[in-house]
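User: I'd like to learn how to read a model like this one. Can you walk me through it?
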Amino acid sequence: MNCTCEENREKYFAPLKEILKQYEGTQKDLIPVLQNSQEEYGYLPAEVLAEIAAGLNLPFSRVYGVVTFYSQFHLEPRGENIIRICMGTACHVRGGTKILEKFKKELDIEANETTEDLKFTMESVACIGACGLAPVIMVNDNTHGRLVPDDVPEIITQYA
Amino acid sequence: MSEITLTIEGQQVTVESGTTILEAARKLGIEIPTLCYHPDLTEYGSCRVCDVEDLESGNLLASCVSLAEEGMKLKVNSARARQARRMNVELLLASHPNECLTCDRNGSCELQDIAHNLGISEIDLPIEPKNHPAIKIGPSLKQEPSKCILCGRCVRLCEEIQGVSALDFTNRGFNSVVTTAFNLPKKDINCANCGQCATVCPTGAITEIREIDQVWKALEDDSKHVVVQTAPSIEATLGEEFGLTPGSVVTDKLVASLRKLGFDKVFSTDFAADLTIMEEGNELLNRFQTGRKLPQLTSCCPGWVKFCEHNYPELLPNLSTAKSPQQMFSALAKTYYAEKTGIDPQDIYTVAIMPCTAKKFEKDRAEMNDSGYKDTDAVLTTRELARMIKEVGICFSSLEAENEEFDELMGTHSGASVIFGTTGGVMEAALRTVYEVLTKDELKELEFEEVRGIEGAKEAEIEINERTIKVAATHGLANAAQLIDKIQAGEAEYHFIEVMACPTGCVGGGGQPLPTNTEIKLKRAQGLYSIDQSDEIRKSHENPQVQKLYDEFLVKPLSGEAHRLLHTNYEQRNEYDAVADKKAK
């Protein structure tokens with residue numbers, strides 16, 4: 001959050017206030033509150049976590065501990081598009097690594113990083129359950145299968 | 001409560017239901033090793049080093065969390081139990097850095113002791129030491145997560161005893177570490193810097209930040225005039241570092257050792273504690289007379305002060321403006337002492353020997369430079385002083401030091417100042433002085449037993465000039481918070497409250513000798529009470545050097561000069577400001 005004035009601050013936190021309201025400030029609801037907040041903000045910024053800790057009357061360290069425990073939660077901004085590259089057994093055998101390498105080169109980021117323009121976040125994941133399409137990737141909710149490295153630039157253009 | 005009988009190692013034992021197997025075994029004198037277990041904390045059962053075998057079911061049970069059951073037959077030393085314990089320790093060692101020789105806790109490490117006791121000479125596992133970066137942002141405590149065995153004692157202590165929860169487990173699996181949220185520096189978050197986490201850590205994962213090197217440098221610098229003050233509790237705790245029993249009074253050996261180390265003047269924080277009573281006591285009288293906010297809260301514990309600044313900003317006007325004895329002393333060392341001796345205050349280097357890690361934070365507070373210089377230059381814990389004494393080969397326990405006394409001017413103490421080092425002591429000292437100053441009568445019974453002991457909150461009443469003064473003393477920050485919440489809910493009312501961040505007060509401080517537990521801390525307190533008992537002067541206002549200081553320098557308590565040098569102010573601290581600061585960077 002780069003705002004400095006109180007009005008911007010209020011605006012920024014308004015959706016979070018709504019989320020917290022639904023959960024009546026009880027500690028057991030930490031995980032759904034985190035999930036909804038991530039949905040709203042795209043990731044979990046430190047200041048949002050601080051508000052959640054205060055709102056649920058939980059130690060800040062506890063909230064941070066829970067967020068870092070689950071891989072579903074993200075502390076850094078995420079790209080508009082999430083590319084999941086399958087590294088399961090079938091994809092591995094059929095050249096998944098080459099697909100990953102091509103994406104790394106084209107996007108100029110490592111696995112589990114986000115491009116500077118916040119367009120893409122790339123993750124290497126275990127089996128996504130579409131072995132018949134190996135090597136396979138998902139971009140957001142779309143599946144792209146039976147890939148060769150040369151298909152990669154076109155996929156990126158589709159979403160850029 | 002019903003009783004149950006069980007058999008451990010072939011011996012029958014009868015215990016109350018609800019007793020753990022570990023406690024039942026200890027009743028029989030059978031020692032089972034433990035790591036994550038700590039008598040002052042809730043049981044956790046993560047390390048499995050206390051496994052015993054249940055002969056009926058064949059199961060291995062973690063004895064610290066398993067309750068004794070009627071008719072149980074247990075083996076502590078069956079081959080299976082021994083192998084399991086050994087394997088669990090080997091697994092810890094396989095991921096533990098092999099740095100024992102250079103570790104702060106070499107010689108006082110529980111993991112080292114257990115490995116030794118179990119006779120582990122070889123580890124038949126792939127060795128893969130953890131490799132997490134050390135967190136050295138001071139000024140009080142550093143963390144070396146690679147040495148952490150994830151027993152969670154620090155996490156539980158910070159939550160259960162201190163009510164702070166600055167630390168928690170972060171990440172998962174092999175990457176698990178104990179950290180603050182976002183690894184924020186402890187000085188910037190709600191951490192009180194009390195160092196209690198360091199006192200329960202079984203390994204060297206949390207320790208104080210050492211200032212020994214800069215003190216050596218000052219001692220070796222001929223242009224520096226190095227003045228040392230020692231806190232009251234050190235007199236009854238330093239001996240433990242040299243094998244003496246807890247509570248042994250070693251004042252003369254302490255003074256002699258400091259002289260041998262080369263300090264130019266050896267003074268006592270007790271002197272400043274008497275001064276604190278004069279200022280704080282008069283402030284209380286002033287609050288009565290002018291109708292300023294009550295209850296007055298003590299301010300000599302920097303851990304408590306920071307806790308208050310974070311959690312109870314509305315109480316800052318209630319906090320006594322009197323500085324802690326450490327900071328009063330240092331401000332005077334670079335003004336009063338400098339003037340009396342004609343030494344340029346620029347050349348004076350002030351060292352404080354403290355039972356405390358929060359004192360390191362306190363010395364660095366931006367406002368602590370009323371002498372015109374940084375008032376306190378270095379703070380060493382009891383443990384750090386012991387290291388220096390060992391380093392130069394002083395044979396402490398057999399040191400001939402009879403009649404060694406603190407230096408004149410800022411060295412005398414009253415019995416009242418000595419008991420500052422334990423919970424209730426500040427209150428007792430204050431009552432002795434306030435009573436006599438107000439009534440002009442001699443106080444017959446000097447001991448206020450009501451404020452002594454380990455109860456979380458203690459209270460007493462005293463009649464002064466037909467007015468009943470109600471006081472309370474609390475220790476451990478969770479206890480303090482409970483007491484304050486009670487007051488704020490209108491369920492209790494006091495005029496004066498003493499708060500100490502550490503359980504049992506400074507004798508249980510974060511910088512005191514290790515290992516420690518409540519039993520040891522109470523023995524240390526007894527040591528302090530015995531000094532008070534045998535002192536000729538037992539009231540702060542009768543300390544002749546304090547009287548001289550007022551006569552020749554400060555004029556009277558709460559004078560302009562006293563305010564300038566001996567009083568301070570506080571600021572509201574918001575834990576989450578650190579988040580915004582981090583962002584701005």
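User: How many helices and strands does chain B have?

Analyst: Chain B has 20 helices and 17 strands. Helices (H or I, at least four residues) and strands (E, at least two) are DSSP runs, numbered from the N terminus. The radius of gyration of chain B is 25 Å, close to the 25 Å from the globule rule for 585 residues, so chain B is as compact as a globular protein of that length. That radius is taken over C-alpha atoms, and the rule is 2.2 Å times the number of residues to the power 0.38.

Before we go on: this is a predicted model, where local features need pLDDT of at least 70, side-chain atom pairs count only at pLDDT 80 or more, and totals for chains, interfaces and linings use all residues. Residues are numbered from 1 along each chain as its sequence is written, chains are lettered from A and ligands numbered from 1 in the order in which they are written, and side-chain values use heavy atoms, with hydrogens and water left out.

User: What sits at the ends of H8(B)?

Analyst: B:Ser268 caps the N-terminal end, with a side-chain oxygen 3.0 Å from the backbone nitrogen of B:Asp270. After H8(B) comes B:Gly291, with a positive phi near 75°.

How values were computed: Polar contact = N/O pair within 3.5 Å; in protein donor to acceptor, adjacent residues only side chain to side chain.
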